[in-house]
Amino acid sequence: MSQTITPELRAWIVQQAQAGCTPQSVLAAMRRAGWDEDVALTAMEEVLQAHLATLPMTTSLPRPHLALDGGPRALDAGDRVVQVIATLRRPRLAVLANVLSHEECEALIALAAPRLQRSRTVQTSTGGEELNPDRTSDGMFFRRGETPLIERIEARLSRLLHWPVEHGEGLQVLRYRAGAQYKPHYDYFDPQAAGTARLTARGGQRVATVVIYLNEPERGGGTTFPDVGLEVLPQRGSAVFFAYDQPDPATLTLHGGAPVLEGEKWVATKWLRERPFTP
Ligand SMILES: O=C(O)CCC(=O)C(=O)O
Ligand SMILES: [Fe+2]
């Protein structure tokens with residue numbers, strides 16, 4: 001039986017993705033409606049790609065990215081060689097090892113520890129900041145280029161991601177104690193929210209994230225990507241990179257920090273912006 005993608009089906013798939021339904025649940029519904037699994041999967045990919053292309057930012061703009069063409073096992077990050085452990089196309093994501101040395105991780109923790117405060121998240125309705133029960137970590141921001149170590153890490157990430165240092169926010173360090181978590185969220189600013197204009201005035205949208213693991217909790221604390229059932233487990237010096245061309249759930253970049261069950265988890269997060277970011 002040949003199955004065609006009708007405009008109604010197209011609209012329905014986009015609607016499901018925007019409502020935050022997982023690809024698995026959309027696929028399951030299509031299967032129940034009589035769609036062949038492979039056809040359903042192809043249809044969903046096609047529709048989501050086409051939908052992304054209609055959104056205001058075009059995917060042809062340069063974006064932070066890793067030089068993954070040709071399937072390299074390692075990438076030149078200037079002063080360091082970084083290993084590619086795993087990659088995913090949707091969401092656009094890579095797991096990397098050896099991004100920081102163990103000494104650099106320890107030094108970042110030591111510099112950040114005395115400056116930690118209960119994490120605040122950007123409140124998109126106003127563009128201000130708020131304490132958020134969904135985010136029970138403690139955190140702090142370094143200024144860009146604040147110390148030689150920070151400068152070195154920023155230069156390395158810039159080279160690795162082919163993205164200027166100036167287009168990055170200051171490095172954020174987070175500590176999760178046992179029980180702490182960061183519930184699933186998107187890192188981009190919600191285009192519908194009133195505060196977004198204020199937040200994007202300096203540097204435009206966030207377009208990619210790097211979460212670097214500075215230590216290893218005994219149990220729990222993975223970075224989860226619920227849309228694709230992926231969990232990246234913390235390994236000191238490793239990182240997960242993911243990019244979102246559009247501020248849209250169809251990028252499948254919903255992610256969270258799973259509760260730490262035992263021990264502590266420390267990460268450093270770098271958010272990349274469209275344009276030069278002025279703090
Ligand atoms: O802690 C994690 O694994 C994720 C952190 C995160 O999502 C963020 O800093 O935006
Ligand atoms: Fe995040």
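Which residues does Ile-109 touch, not counting residues up to four places away in sequence? Ile-109 touches Leu-214, Asn-215 and Trp-266, where two residues are in contact if their C-beta atoms, placed from the backbone, lie within 7 Å.

## Basis of the model

This is a predicted model, in which local features need pLDDT of at least 70 and side-chain atom pairs count only at pLDDT 80 or more, while totals for chains, interfaces and linings use all residues. Residues are numbered from 1 along each chain as its sequence is written, and chains are lettered from A and ligands numbered from 1 in the order in which they are written.

## Domains

The domain assignment, which is of an automatic or database kind, divides the protein into domain 1 (7-54) and domain 2 (74-273). The C-alpha centres of these two domains are 29 Å apart.

## Setting of Ile-109

Ile-109 belongs to helix 4; helices (H or I, at least four residues) and strands (E, at least two) are DSSP runs, numbered from the N terminus. Ile-109 counts as partly exposed because it has 16 C-beta neighbours inside 10 Å, given that a residue is buried if 20 or more other C-beta atoms lie within 10 Å of its own, exposed if 12 or fewer, and partly exposed in between. Between the C-alpha atoms of Ile-109 and Thr-42, which are 67 residues apart along the chain, the separation is 45 Å.

## Nonpolar cores

In soluble globular proteins, nonpolar side chains tend to be buried together. A nonpolar core is here a set of buried Ala, Val, Leu, Ile, Met, Phe, Trp, Tyr and Cys residues joined through C-beta atoms within 7 Å. The largest one has 46 residues, and among those with the most contacts inside it are Ala-208, Ile-212, Leu-214 and Val-267. Elements that each supply at least two residues of this core include helix 4 (102-112), helix 5 (148-161), strand 10 (206-213) and strand 17 (265-273), and strand 10 gives the most, with six residues.

Ile-212 touches Val-99, Leu-100, Ala-239, Val-267 and Ala-268, again leaving aside residues up to four places away in sequence. A second, separate core of 12 residues includes Ile-13, Met-30, Ala-250 and Leu-252.

Four strands form an open sheet in the order 9-15-12-13, with antiparallel pairing; two strands pair if DSSP finds at least two bridges between them. Strand 9 (182-185) and strand 13 (230-232) are the edge strands, each pairing on one side only. Strand 9 and strand 15 (residues 255-257) run antiparallel and are joined by two bridges, and His-185 stands opposite His-255 in strand 15.
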